[in-house]
Amino acid sequence: MSSSSISTSGALVLYVATRKGAWTLTARADRREWAIDGPHFLGHIVHHMVLDPRDGHTLVVAARTGHLGPTVFHSADAGRNWKEASRPPAFRKAAEGEKGLVVNQVFWLTPGHASEPGVWWAGTSPQGLFRSPDGGETWDTVSGFNDHPMRQKWVGLDEGTPDGAKLHSILIDPRDPRHMYIGMSDGGVFESIDQGADWKPLNAGCRADFMPDPYPEYGHDTHCVAMPALDPDLLYQQNHCGLYRMRRAEERWERIGDNMPREIGDIGFPVVVHPREPDTAWTFPMDGTEVWPRVSPEGKPAVYVTRDGGKTFTRLDRGLPRSQAWFTVLRQAMTADARDPVGVYFGTTAGEVWASDDEGDSWTCIARHLPQIYAVEAAELNR
Amino acid sequence: MKVLIATPLRSYTSHQSPVEAEGATLADLLADLDRRYPGIRFRMIDEQDQIRPHMRVFVNGEQVRDLGTSLQPADDVQILQSLSGG
């Protein structure tokens with residue numbers, strides 16, 4: 001399988017996945033100038049493009065076209081050469097008379113634990129979990145979730161999102177590869193302590209105001225979950241029904257979004273945590289009133305940051321348009337690098353990439369006129 | 001037999017179409033295509049062995065959906081796509 005090659009090394013790179021292909025943005029030393037390269041996989045719907053932080057050169061891409069089945073491409077040399085998975089994620093073949101599931105899209109990619117080089121995890125729509133033991137070449141169904149006797153109840157109608165409910169936010173505890181979390185747009189947050197062999201819901205305290213019981217055990221619309229690398233017992237969740245965080249030992253979500261300005265609200269898709277400061281997280285609020293426009297409130301885009309674990313939030317909009325800018329930022333389309341100060345980035349569904357090299361204090365548009373942006377990932381490429 | 005390959009799938013066949021493949025049934029033919037051009041089958045056929053939406057398979061001009069359809073060596077097979085959307 002060929003695509004135009006990606007050739008950057010020894011650099012900070014943003015991997016931008018869009019509805020029509022993928023692009024890269026490579027930073028100059030000061031992160032003020034960026035070189036754009038692409039398209040790669042032009043015409044493919046690219047949901048996620050992720051560089052393996054364990055080696056700095058394995059790149060995995062979740063792709064499909066509008067009319068061909070979903071697949072995964074992987075590269076061992078950061079995108080110079082590509083190979084398609086010989087066995088892409090697929091549900092098990094149904095028994096005679098049983099209705100089987102069909103992967104519509106591979107939506108989310110997560111590199112495995114540092115102790116398991118080559119292992120990757122994928123989330124799909126319909127909501128399924130898959131594992132690759134070999135850098136994305138072959139994928140196995142995670143039967144502990146996909147065939148769990150409770151799966152059908154957990155995922156409900158499996159249709160909570162316009163183009164299909166998604167399993168996303170696959171988080172691996174850096175202290176223990178057996179300890180995992182997943183988020184689902186039609187199901188909520190789930191936890192496994194045996195590397196996916198069994199799961200239990202983790203949604204206490206989280207609202208689901210579209211259900212008869214607004215605080216059900218499962219069935220929530222989780223948009224994004226983030227876990228600080230230096231404090232894996234802390235979770236942040238951007239949910240359809242607000243912004244939350246959980247101290248794992250408390251086993252209860254606390255709606256920190258109640259501390260956002262009331263006129264802004266706490267609805268959005270992404271939440272991003274600081275790589276070194278667990279109490280710092282960025283969110284991109286969108287209008288969640290009445291018919292849910294899901295654009296920047298009043299057409300005035302802003303990132304909000306908390307630096308005290310959600311007690312207070314600060315508006316960050318310097319450099320962003322002051323009016324008539326109706327940004328939508330999807331759950332995978334906001335990210336941070338690991339530099340000091342941290343760079344924060346987001347991509348819009350209107351094809352713009354915005355960057356901040358000062359932890360969100362000021363913003364610059366570094367790419368525009370791209371297709372609808374699904375995901376932005378920042379990574380350090382090894383030479 | 002000769003098999004016409006839709007343009008979105010020609011990255012698998014080194015941009016060749018038609019290509020040669022063999023099989024006593026459509027399922028056999030698709031398996032042979034996948035042996036010759038790894039990965040091509042899953043883009044057309046899902047994990048429940050159903051032809052994906054928008055894919056169209058014609059045998060001697062007649063559309064077929066059943067992978068058990070018998071084929072003869074002289075049959076003309078066309079794999080086409082019904083493209084839509086923006």
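Okay, let's start with a cysteine: A:Cys241 has its closest cysteine sulfur in A:Cys206, 6.8 Å away, so that's too far for a bond. For a disulfide, the two sulfur atoms have to be within 2.5 Å. A:Cys241 is also buried, at 2% relative accessible area; buried means under 20%, exposed over 50%, partly exposed in between, with a 1.4 Å probe and protein chains only.

Quick word on the model: it's predicted, so local features need pLDDT of at least 70 and side-chain atom pairs 80 or more, while totals for chains, interfaces and linings use all residues. Residues are numbered from 1 along each chain as written, chains are lettered from A and ligands numbered from 1 in written order, and side-chain values use heavy atoms, without hydrogens and water.

Back to cysteines. Over all chains, the disulfide count is 0.

Now, how much space lies in the largest pocket? About 1400 Å³. A pocket here is an open set of points on a 1 Å grid over the protein atoms alone, where a 1.4 Å probe fits, with protein on both sides within 12 Å along at least five of seven lines; lining residues have an atom within 4 Å of a point. The volume is the space filled by probe spheres set on those points, joined across faces, edges and corners.

Of the 44 lining residues, those closest to the centre are A:Pro53, A:Pro111, A:Met227, A:Ala229 and A:Glu377. The largest share, 5 residues, comes from β27(A), a strand, meaning a DSSP run of E with at least two residues, numbered from the N terminus.

How values were computed
Helices (H or I, at least four residues) and strands (E, at least two) are DSSP runs, numbered from the N terminus.
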